Amino acid sequence: MLPTRKPNRLNGFDYSSNGAYFITICTQNRQNYFWDNVGAHSVRPWKSIHLTEYGKAVEKSILNISVYHPNVWVDNYVIMPNHIHIILFIGDSEMCDKSGRTMCAPTISLIVKQMKEYVTKTIGFSIWQKSFHDHIIRNKKSYEEISSYIDNNPITWEQDCFYTNSQEES
């Protein structure tokens with residue numbers, strides 16, 4: 001008999017409803033795919049980090065979310081060596097596309113699935129672990145703490161729970 005997995009999502013919650021969501025997506029086996037020379041960048045600001053081709057594909061997939069889902073926008077994100085953090089907002093689902101059809105809000109699961117698929121197709125193989133972590137942001141204080149965490153994550157990389165030393169993996 002297979003072990004029962006703990007559910008990843010909040011039971012009964014509509015993950016397409018208006019609101020803010022904090023998403024974390026990890027690579028398979030915490031492989032460092034997204035930064036060039038991971039060790040050299042562990043204390044540099046996010047803007048000076050050089051992304052690998054895989055990291056650039058991830059960034060493009062993040063920036064395309066609003067293109068495919070006009071009622072969803074990325075408020076903040078960071079691409080770490082082996083995971084990404086994103087704050088997503090889902091807005092009014094009663095928007096209409098250019099033809100006048102009402103659009104449905106996508107679920108967080110659909111957005112993450114499409115992002116992973118885009119990266120997988122772009123690079124030619126899957127680098128992702130099966131699921132992802134989400135947190136529903138319920139108030140301004142929580143939003144500010146999470147946004148600060150995202151902004152400071154590259155600076156504190158060596159203390160991160162997802163940290164792996166790239167030299168040890170070589």
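The legends below accompany several close-up views of a predicted model.

Residues are numbered from 1 along each chain as its sequence is written, and side-chain values use heavy atoms, with hydrogens and water left out. Because the model is predicted, local features need pLDDT of at least 70 and side-chain atom pairs count only at pLDDT 80 or more, whereas totals for chains, interfaces and linings use all residues.

**View 1. The protein chain and its order of elements.** The protein chain holds 5 helices and 4 strands, which follow one another from the N terminus as β-α-α-β-β-α-β-α-α. Helices (H or I, at least four residues) and strands (E, at least two) are DSSP runs, numbered from the N terminus. Of the 170 residues in the protein chain, 43% are buried, where buried means under 20% relative accessible area, exposed means over 50%, and partly exposed lies in between (1.4 Å probe, protein chains only). The accessible surface of the protein chain is about 10,000 Å², and 53% of this surface belongs to carbon and sulfur atoms; the areas come from the Shrake-Rupley method with a 1.4 Å probe, and for residues only the protein chains shown count as cover.

**View 2. Strand 3 with its partners, strand 1 and strand 2.** Strand 1 (19–26) and strand 3 (83–90) run antiparallel and are joined by 8 bridges, with glycine 19 having isoleucine 90 of strand 3 as its bridge partner. Strand 2 (72–79) also pairs with strand 3 in the antiparallel sense, over 7 bridges, and here valine 74 stands opposite leucine 88. Two strands pair if DSSP finds at least two bridges between them. A hairpin of 3 residues connects strand 2 to strand 3, and strand 3 is mostly covered, since 7 of its 8 residues are buried.

**View 3. The buried side of helix 1.** Helix 1 (53–63) has Gly55, Ala57, Val58, Ser61 and Ile62 among its residues, and these five are buried. They lie on the same side of helix 1 because they cover an arc of only 160 degrees around the axis, the arc being that of the directions from the helix axis to the C-beta atoms. An α-helix has 3.6 residues a turn, so residues three or four places apart point the same way. The face turned away from the buried side of helix 1 carries the exposed residues Glu53 and Leu63. The buried residues of helix 1 pack against helix 2 (65–68), strand 2, strand 3 and helix 3, where contact means heavy atoms within 4.5 Å.

**View 4. The largest nonpolar core, with isoleucine 84.** The largest nonpolar core has 37 residues, and those with the most contacts inside it are Ile23 and Ile84. A nonpolar core is a set of buried Ala, Val, Leu, Ile, Met, Phe, Trp, Tyr and Cys residues joined through side-chain atoms within 4.5 Å. Strand 1, helix 1, strand 2, strand 3, helix 3, strand 4 and helix 4 each supply at least two residues of this core, and helix 3 gives the largest share, 6 residues. Leaving aside neighbours within four places in sequence, isoleucine 84 is in contact with residues including Ile23, Phe34, Val58, Ile62, Val78 and Met115.

**View 5. Aromatic pairs.** The structure holds 6 aromatic pairs; rings of Phe, Tyr and Trp (its six-membered ring) pair if their centres lie within 6.5 Å, and planes under 30 degrees apart count as stacked, over 60 as edge-to-face and the rest as tilted. One of these pairs is phenylalanine 22 with tyrosine 149, whose ring centres are 6.5 Å apart and whose planes stand at 85 degrees, so the pair is edge-to-face. Because phenylalanine 22 lies in strand 1 and tyrosine 149 in helix 4 (residues 140–152), this pair ties together parts that are 127 residues apart in sequence. Phenylalanine 22 is buried, at a relative accessible area of 10%, whereas tyrosine 149 is partly exposed, at 35%. Tyrosine 54 and phenylalanine 125 form another edge-to-face pair, with ring centres 5.7 Å apart and planes at 80 degrees.

**View 6. Asparagine 29 and arginine 30.** Asparagine 29 lies in the loop between strand 1 and helix 1 and has a positive phi of about 55 degrees although it is not a glycine. Arginine 30, placed in the loop between strand 1 and helix 1, likewise has a positive phi of about 55 degrees without being a glycine. Asparagine 29 is exposed, with a relative accessible area of 63%, while arginine 30 counts as partly exposed at 35%.
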